Amino acid sequence: MMTQEQCTHRNNVQSSEKPQVYKVGIYGWRKRCLYFFVLLLMILILINLALTIWILKVMNFTISTFTGQTTREVRLAAEINQGEKRIKKSSKPGSSLEPVLKVR
């Protein structure tokens, strides 16, 4: 049978050992798979952006095509606007010249 001193000595030895530390996080093959997945997503995003820009350039999209105006309508509106400016400059006060076409 053990005495009380021997029992306490045994408890002190066990408590003097370093406590177990549990790792928190992702380790091993799971971490590699996660990094591979993130890298794959980044590559897909870059390819998607590159293809989007390439399609916009090839199809000749402009801001005016998104607003519903064709290139011809934009040019016509610009020519009419310049014509009105010329008429306003050349007309004298009191003259009855009015622009033939008005921009709406």
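Helices (H or I, at least four residues) and strands (E, at least two) are DSSP runs, numbered from the N terminus.

View 1. Welcome to a predicted model, in which local features need pLDDT of at least 70, side-chain atom pairs count only at pLDDT 80 or more, and totals for chains, interfaces and linings use all residues. Residues are numbered from 1 along each chain as its sequence is written, and side-chain values use heavy atoms, with hydrogens and water left out. The protein has 4 helices and 0 strands. Of its 104 residues, 2% count as buried (under 20% relative accessible area, 1.4 Å probe, protein chains only). Carbon and sulfur atoms hold 63% of an accessible surface of about 10800 Å² (Shrake-Rupley method, 1.4 Å probe).

**View 2. Helix α2 covers residues 29-58.** Its 30 residues reach 43 Å from the first C-alpha to the last, close to the expected 44 Å (1.5 Å times one less than the number of residues). Just after α2, asparagine 60 takes a positive phi of about 55°.

**View 3. Residues 33-56 carry a UniProt annotation.** The unreviewed entry lists them as "transmembrane region"; such annotations may be inferred rather than shown by experiment. In the model this stretch is 100% helix and 0% strand, with its end C-alpha atoms 35 Å apart.

**View 4. Lysine 23 meets the ring of tyrosine 27.** The charged end of lysine 23 sits over that ring, 5.3 Å from its centre (NZ of Lys or CZ of Arg within 6 Å of the ring centre and within 35 degrees of the ring normal).

Technical notes
Buried < 20%, exposed > 50% of the residue type's maximum accessible area, 1.4 Å probe, protein only.
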